[in-house]
Amino acid sequence: NANQLYQPRADVQPWKDAFFRILFASETEEISSTESSMFRCGLVSLRFFSSATVTAQQQDPQTLNGGSVLAMAGKGCVAVAVDKRFGSGPQTVNISPRHVLAPNPSLLVAFTGLDGDVRSLSEELSVQISAKVGRESGFGFEDSESIGGDVENGGNALPLPVPVSSSSRRISPRSMAALTSHVLYSRRKSPYYVEPIVAGLERGCPFLCSHDLIGAQSKSDSFVCSGAASKSLYGTAQAFWHPNMQPDELARVCGRAFLSALERDCLSGYGAIVYLIVANDTEDKGGGCRIIEYDLACRND
């Protein structure tokens with residue numbers, strides 16, 4: 001019966017009535033000893049549960065160092081936004097761009113989670129790519145001549161593990177997502193506390209894929225997000241995103257949605273970096289992709 005299902009429990013209601021009666025009681029109103037005991041027990045319970053919630057948030061390894069990532073798709077372009085805050089729980093330790101891996105100018109892998117695991121996973125992925133890049137088939141590599149490109153203003157923040165040369169081969173975003181899932185799932189018994197996002201252009205089409213800590217994939221044609229402010233990011237990104245955005249509009253919309261979510265989360269912020277992956281002008285640079293970097297200021301800097 002639905003009416004019986006949503007009726008308040010009989011043993012809880014007297015405690016609630018006594019608690020709120022004493023809380024809003026006037027100075028002349030008499031209060032019994034039983035109601036006073038219930039009020040004290042209610043205060044202790046509220047203090048215990050609130051402290052337990054704060055402790056659980058501080059001890060969560062995926063949000064211990066804070067940070068958030070948002071990736072959006074446009075018309076032949078992809079934008080990835082990362083914040084700059086590095087903390088230990090509520091304490092801010094350092095302000096620098098979040099670690100991002102760029103295997104080639106058409107692909108980015110952004111990370112959120114425990115910083116030590118982020119570095120370990122990034123190095124392991126770099127080693128895997130370097131070991132497999134010489135193979136001729138079976139791993140979804142493309143010729144460098146067909147997807148050549150460069151990185152603008154991102155040399156320090158975007159390490160390139162695979163040398164760019166005419167004879168090298170580059171991994172596609174879809175294959176990078178599969179490799180990331182494989183590495184994460186192989187560590188499922190002692191996982192990396194990392195939620196990576198793979199974003200890039202594959203044959204001119206945007207590709208977005210997020211992973212959880214055991215490698216489960218979640219692909220999207222619009223946007224993906226992860227990190228401490230992911231709940232706010234889903235709302236702001238859904239409100240701002242619309243299909244077929246041009247590169248300039250995509251960078252502006254992604255930055256606006258990202259900063260709006262950062263202002264609602266104390267574990268993220270202190271500025272943001274937006275990386276925009278766009279296809280080169282065929283007449284000017286012979287095709288390929290390039291990465292453009294935008295440095296954004298945040299209200300809580």
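Close-up 1. Arg 187 lies over the face of Tyr 192, and the distance to the ring centre is 4.3 Å. The model shown here and in the views below is a predicted one.

**Close-up 2. The aromatic pair of Phe 223 and Tyr 234.** One aromatic pair is present in the structure. Its ring centres, in Phe 223 and Tyr 234, are 6.4 Å apart, and the planes meet at 55 degrees, so the pair is tilted. Phe 223 belongs to strand S13 and Tyr 234 to helix H6, so the pair ties together parts that are 11 residues apart in sequence. Are the two partners buried or partly exposed? Phe 223 counts as buried because its relative accessibility is 13%, under the 20% cut-off. Tyr 234, at 45% relative accessibility, counts as partly exposed.

**Close-up 3. The largest pocket and its lining.** Here we turn to the pocket with a volume of about 320 Å³, the largest in the model. Its lining is made up of 20 residues, and those nearest the centre are Glu 195, Ser 226, Gly 227, Ser 230 and Lys 231. Strand S11 (205-211), strand S13 (223-227) and helix H6 (230-240) each give the lining at least two residues. H6 makes the largest contribution, with four residues. Sorted by class, nine of the lining residues are polar, six are charged and five are nonpolar.

**Close-up 4. The largest nonpolar core.** Nonpolar side chains tend to be buried together in soluble globular proteins. In this model, the largest nonpolar core has 25 residues. Good places to start exploring are Leu 70, Met 72, Leu 250, Phe 258 and Leu 276, the residues with the most contacts inside this core. At least two core residues come from each of strand S1 (68-73), strand S2 (77-83), S13, H6, helix H7 (247-262) and strand S14 (272-279). Which helix provides the largest share of this core? That is H7, with nine residues.

**Close-up 5. Pro 90 in the loop between S3 and S4.** Pro 90 is found between strand S3 (85-88) and strand S4 (91-95). With a relative accessible area of 59%, Pro 90 is exposed, because the cut-off for that class is over 50%. Do look across to Leu 64 as well: Pro 90 and Leu 64 are 26 residues apart in sequence, while their C-alpha atoms are 8.4 Å apart in space.

Note on methods:
Residues numbered from 1 in each chain as written. Predicted model: local features only at pLDDT ≥ 70, side-chain atom pairs only at ≥ 80, totals over all residues. Heavy atoms only, no water. 1 Å grid on protein atoms, 1.4 Å probe; cavity = no way out; pocket = protein on both sides within 12 Å on 5 of 7 lines; lining within 4 Å. Points joined across faces, edges and corners; volume = space filled by probe spheres on them. Nonpolar A, V, L, I, M, F, W, Y, C, P; charged D, E, K, R; others polar. Phe/Tyr/Trp six-rings, centres within 6.5 Å; stacked < 30°, edge-to-face > 60°. Buried < 20%, exposed > 50% of the residue type's maximum accessible area, 1.4 Å probe, protein only. Lys NZ or Arg CZ within 6 Å of the ring centre and 35° of its normal. Core = buried A, V, L, I, M, F, W, Y, C linked by side-chain atoms within 4.5 Å.
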